[in-house]
Number of protein chains: 2
Amino acid sequence: MGEFELINHYFAAAPCAQGGEGVALGIGDDCALLQVPPGEHLAVSTDTLVAGVHFPHDADPYLLGQRALAVSASDLAAMGATPLAFTLALTLADVGAAWLKAFAEGLQCMAGQCRLSLVGGDTTRGPLSLTLTVFGRVPHGQALRRSGAQPGDLLCVGGNLGNAAGALPLVLGSQTAAQHISAPLLAHYWSPPPQLALGQTLRGRASAALDISDGLLADCGHIAKASAVALQIDRQRVPVSPALHALLGEQGALQAALSGGDDYVLAFTVPPAELAGLTRAVAGVHVIGRVLPGQGVSVVDDQGRDVTPALRGYQHFHAVP
Amino acid sequence: MGEFELINHYFAAAPCAQGGEGVALGIGDDCALLQVPPGEHLAVSTDTLVAGVHFPHDADPYLLGQRALAVSASDLAAMGATPLAFTLALTLADVGAAWLKAFAEGLQCMAGQCRLSLVGGDTTRGPLSLTLTVFGRVPHGQALRRSGAQPGDLLCVGGNLGNAAGALPLVLGSQTAAQHISAPLLAHYWSPPPQLALGQTLRGRASAALDISDGLLADCGHIAKASAVALQIDRQRVPVSPALHALLGEQGALQAALSGGDDYVLAFTVPPAELAGLTRAVAGVHVIGRVLPGQGVSVVDDQGRDVTPALRGYQHFHAVP
């Protein structure tokens with residue numbers, strides 16, 4: 001078996017490559033064919049992860065496979081889409097059977113969790129990088145956009161923030177921590193659960209939504225700009241995990257939650273009348289602020305004082321040294 | 001403007017990023033949304049091009065943009081799909097405004113020719129590579145597959161073969177040629193016209209089809225295997241361009257046509273009864289052989305003698321040294 005046949009062997013043999021709902025034709029021809037039900041749109045998103053930029057060169061391949069697909073699937077969650085399929089473009093300098101097997105297993109694990117079928121891709125020789133394109137379906141007019149937030153809406157997030165930013169020094173080996181602290185943070189970094197059920201529950205309820213990849217402040221800025229509103233965040237309501245608090249202290253954890261990236265938790269706005277129904281339907285929703293007339297994003301303390309400047313300027317966590 | 005905002009500026013401002021038929025939501029949110037008409041499937045294909053492997057590091061960016069999209073769109077042609085949209089994942093070591101502007105213009109030129117809308121993507125820092133994912137639509141049951149060739153069918157191609165293989169030494173600068181020879185070969189290498197009209201015309205007519213990317217012999221092998229038949233090619237009917245013949249001579253041109261890659265010309269099989277209607281509907285179709293019971297691919301001379309072994313072993317043109 002040639003080395004690139006070896007790659008195809010590992011991926012084409014994975015259970016997620018055996019087709020599924022919405023897959024009319026999978027791997028093996030010039031194109032895959034997807035079935036989109038009448039009355040629905042196909043949602044598409046593409047993400048690239050480059051070794052040495054988005055993950056360390058020596059990253060565990062199982063964890064890398066899991067994380068790469070989770071990051072992409074999070075964009076489907078942010079649109080309220082139901083997952084359908086994905087393609088994988090994998091560029092590799094060397095082809096090691098053990099690396100490939102573990103990577104394919106990690107990918108398979110997340111594909112199974114998300115109900116995503118692998119329908120195609122490309123394998124090429126070159127510096128290690130991955131580009132995943134994910135596909136979902138969403139009923140006409142129900143996709144969650146960034147542009148619908150209205151003054152009076154509540155600003156919410158789908159879970160604790162800052163875990164991935166807190167984990168990064170542990171991933172890079174520049175910091176160590178006790179097991180009860182490092183384990184939950186590393187788990188979130190390597191396998192951020194895409195909030196697909198939350199996204200689907202937000203259809204018809206949320207006025208705007210996205211997934212937090214650049215940090216809460218930056219991503220709220222995207223909603224504020226697209227919706228032409230201001231977002232105000234209550235400092236004391238920003239949810240952080242006990243592990244992050246233990247690692248970084250109160251102020252450090254808050255800064256990681258506001259400015260650290262890679263959370264892949266949904267941020268969204270809802271009219272107040274929708275909140276009760278939403279919290280009955282799905283767990284883990286935190287109200288962290290409100291939509292106001294105006295523009296930009298601010299953070300206020302429990303006295304309503306603007307504390308934004310003191311909280312900016314946290315190290316950005318996208319670039320792996 | 002930050003450098004990655006600069007990238008977004010060039011691509012989001014391109015005419016092909018302004019939406020089009022079938023694009024419900026383009027660039028700017030977590031996902032794009034595509035509209036697939038009832039009764040049609042969405043066709044999807046992903047290709048990666050890596051600098052130093054698939055094109056020289058110093059490739060002209062306009063030509064690179066053109067070629068990258070042409071290569072991907074050829075997969076839509078091979079399925080008989082009508083082009084809809086594409087995403088671009090671009091990884092760059094340095095961001096030069098002149099490079100980006102020229103690349104975006106080349107991409108735009110091919111997008112306009114193919115009627116493909118840019119609906120999203122990702123821009124990351126790292127060693128230069130491109131991953132394009134293209135989308136088309138095709139009526140249920142009419143996609144051109146590799147698996148339907150039947151003994152008695154004719155084997156055809158959509159145009160001259162071997163031009164890209166002949167061009168490669170010129171691209172790499174390891175050979176020169178007179179302008180009347182180099183110009184048409186380089187034009188085909190950098191801008192292979194995706195045979196989209198031919199692919200759509202083959203719907204309901206061809207029994208099997210693909211686009212030639214690995215060389216005629218290798219790609220006919222894919223049809224033979226998927227269809228469980230043998231394909232026999234008549235040596236004297238393999239079409240080559242005058243420029244290729246002038247550059248390589250008769251035997252060299254034939255070897256380039258049989259084993260050189262990157263042609264992006266369609267190869268397909270049709271029942272004999274379909275040929276007259278097909279050649280009335282579209283120009284440039286060449287019958288080059290036939291489908292037989294059995295397996296594998298062979299080349300025969302005008303006496304019917306098997307001349308395959310003498311024609312194998314041509315240098316493979318995929319890897320740029």
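**Close-up views of the two domains of chain A**

**View 1. A salt bridge joins the domains.** Between domain 1 of chain A and domain 2 of chain A, the count is 1 salt bridge. In this predicted model, the side chains that meet in a salt bridge are those of Arg67(A) and Asp262(A), with a distance of 3.2 Å from N to O. Across the interface of the two domains, 5 residue pairs are found in polar contact.

**View 2. Helices and strands form the side of domain 1 that touches domain 2 of chain A.** The elements of chain A that each give two or more residues to this side are helix H2 (61-79), strand E4 (82-92), helix H3 (97-114) and strand E6 (129-139). H2(A) gives the most, with 12 residues. By residue class, this side of domain 1 divides into 16 nonpolar, 5 polar and 3 charged residues.

**View 3. The two domains bury area between them.** Chain A is divided into domain 1 (3-139) and domain 2 (154-311). The domain centres, taken over C-alpha atoms, are separated by 26 Å. At the interface, 24 residues of domain 1 of chain A are in contact with 18 residues of domain 2 of chain A. The size of an interface is often expressed as the accessible area lost when the parts come together. Here the two domains bury about 1,700 Å² between them, and 63% of this area lies on carbon and sulfur atoms.

**View 4. A UniProt record annotates residues 150-301 of chain A.** The unreviewed entry lists this stretch as "domain: PurM-like C-terminal". Over residues 150-301 the chain is 43% helix and 20% strand. The end C-alpha atoms of the stretch are 23 Å apart.

Definitions and conventions
Residues numbered from 1 in each chain as written. Chains lettered and ligands numbered in written order. Predicted model: local features only at pLDDT ≥ 70, side-chain atom pairs only at ≥ 80, totals over all residues. Heavy atoms only, no water. UniProt positions renumbered as here; feature names shortened; annotations may be inferred. Helix = DSSP H or I, 4+ residues; strand = E, 2+ residues; numbered from the N terminus. Domains from an automatic or database assignment. Contact = heavy atoms within 4.5 Å. Buried area = accessible area lost by both parts, 1.4 Å probe. Salt bridge = Lys/Arg side-chain N within 4 Å of Asp/Glu carboxyl O. Polar contact = N/O pair within 3.5 Å; in protein donor to acceptor, adjacent residues only side chain to side chain. Nonpolar A, V, L, I, M, F, W, Y, C, P; charged D, E, K, R; others polar.
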